[in-house]
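Please look through the sequence and the model below before reading on.

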Amino acid sequence: MTSVATNLRVIQALGMRSIRQTFRRPQLMAPILVFPTLLLAVQTGGAGGAVHLHGFPPVQGFLQFMLAGAMMQSLMLAGNSGGIAFAVDIEMGFTDRLFAAPVARYTIVLGRLAGVAALGFLSTLWFLAIGLIFGAEIHSGVAGALIAILLVTATATAVGGIGAAIALRTGSASVVQGLFPLVLVVLFLSSAFFPVDLMIQPAKAIAEYNPFSFIVEGVRTPIIADVDLTDLLEALLAIAGIVVLGLVLSARALRHRLRVG
Amino acid sequence: MTAIAVEGLERAFGEVLAVRGVDLEVDAGEIYGFLGPNGAGKTTTVRMLTTLLLPTGGRATVAGHDVVAEARAVRASIGVALQDAALDPLMTGRELIRLQATLQGLPGAEGRRRADDLLERVGLTEAADRRVGGYSGGMKRRLDLAAALVHEPRVLFLDEPTTGLDPVSRKTIWEEVRSLNDEGTTVFLTTQYLEEADQLADNVGIIDRGRIVAEGTPDSLKAEIGNPHIQLQLADESIDAAERICAELGRLLPPTDGRTILVEVENGAADIPRVVRALDEAGIGIESLELVRPSLDDVFVATTGHHLEGESAKPPATAETVEA
């Protein structure tokens, strides 16, 4: 068997383990589906009138607008949960078992990211289903749904890369868990839950340049309107930037871990 | 043929030198016991030999491959069971072995077959589909050992494989290690248990504060310390007469109390009848008699000046007691 095929099998096996681990540990699963679903329900029920504000983008309803935000929250928390699970592996020495195997060490990080990507994929399906069940239409139809799935899955992988880098660098689950509030700050300072045009300064300025705003708009646009190639391209560029950042940080953290043990 | 060769291996963590120029050589097919107290540098050395940690000085080869320049080749040749059996409690035993098989590049069908064989070998077939979190300490160790064997490694590193286990589980692991060694696997075993090193190892390296302080076969190390001695507990108060007789048969050691005589003899157990006969002919009764061989703890004390942690309180493992 070729080295590439072996590495792919390792990534697949570690991805499967990561998914099983999440499903078998409710505290990892809850932030990915339960919390964003509850927040979606509360916000839709409590702030639905916001759609009538002057400057609010034309939408079928607040639920339709919020779907992209809920998906972003879910994927960010999936990345954070992936980082926590990776740090737990490091703390209990499980990663030593992986690092002592004759596979390229980046496959161990990629295996974890494959699991996060799969969870991102599942969460997109979940929120699309929730939206459809409760009457939100996907304006661009199947193409819009596929774009949402693609972008959310890719972003989950990118965010997971940063979570993995922090886990590798610190080796501490509590440190990664401590980033949970930061995830919410990043989300609230983006267009995930509210249109940027209706925000006040300085939040508005931050949200305008927050890469997650570009990703949110890339996901949201085909849900509430026609597919917009500019939004899609900006989202892909933002994801690419986060992927590069995650990979660079992970590679450095991996080298550091090998150096310090 | 050399399985592990280490020259001047060093590892510093900032200002602290955890391993200070370790030299050792392990022949293919032998069990090498790496003995030392907590914090002596055993695990750091093993982590370097298993490519989990880069050395900061010296060099080492495992199965003929340099641990730095040919790390992947080293990893393909070794099996590793690290301290504390790092197992995922959420996985089942079977899932873990199959994952390990994938990590070692075994094709799916072969991996499944090996997993079944190994689970049977370590007696975990019935528990194979239960989550590891519900396993006992001994079961976890056996599973860890099975995982390390999935690709039939030439060299097996076992880092304190029996620490914290009950005596029965410890014996089970020992039997498995012996059996693996009989099949030709070289075993590098770190331990803080003298008895474990004594029972299993062909050669022992004693490490203290990052340095190898003694190396050799358990018997040769003990022989360097001195001959065995007979410890006699007398039935009556005729200690002066008994000491005079014993002094003619061997070298008297400083007594521990008024009724005990310690006499160092050259031939060990073979000298016991001579001593018993001489005392009997002089009408001196013996309450009990022990042949006390030098232990690895004696070697450890002689080379480091202190006892191995937790071992000093234990009775000598090699004493043979005869009640009169």
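**From one residue to the whole**

Leaving aside its neighbours within four places in sequence, A:V219 is in contact (C-beta atoms, placed from the backbone, within 7 Å) with A:A68, A:M71, A:A148, A:L151, A:V152 and A:A235. This is a predicted model, in which local features need pLDDT of at least 70 and side-chain atom pairs count only at pLDDT 80 or more, while totals for chains, interfaces and linings use all residues. Residues are numbered from 1 along each chain as its sequence is written, and chains are lettered from A and ligands numbered from 1 in the order in which they are written.

A:V219 also belongs to the largest nonpolar core, which has 150 residues, and A:M71, A:M72, A:I215, A:V219, B:L143 and B:L189 touch the most other members. Such a core is a set of buried Ala, Val, Leu, Ile, Met, Phe, Trp, Tyr and Cys residues joined through C-beta atoms within 7 Å, where buried means that 20 or more other C-beta atoms lie within 10 Å of the residue's own, these atoms being placed from the backbone.

Where the chains meet, the contact takes 23 residues from chain A and 21 residues from chain B.

As for confidence, chain B averages a pLDDT (the predictor's confidence in each residue, from 0 to 100) of 85, and 93% of the residues score at least 70. The predictor gives the complex an ipTM of 0.82 and a pTM of 0.79.

How values were computed. Buried ≥ 20, exposed ≤ 12 C-beta atoms within 10 Å, placed from the backbone. Contact = placed C-beta atoms within 7 Å.
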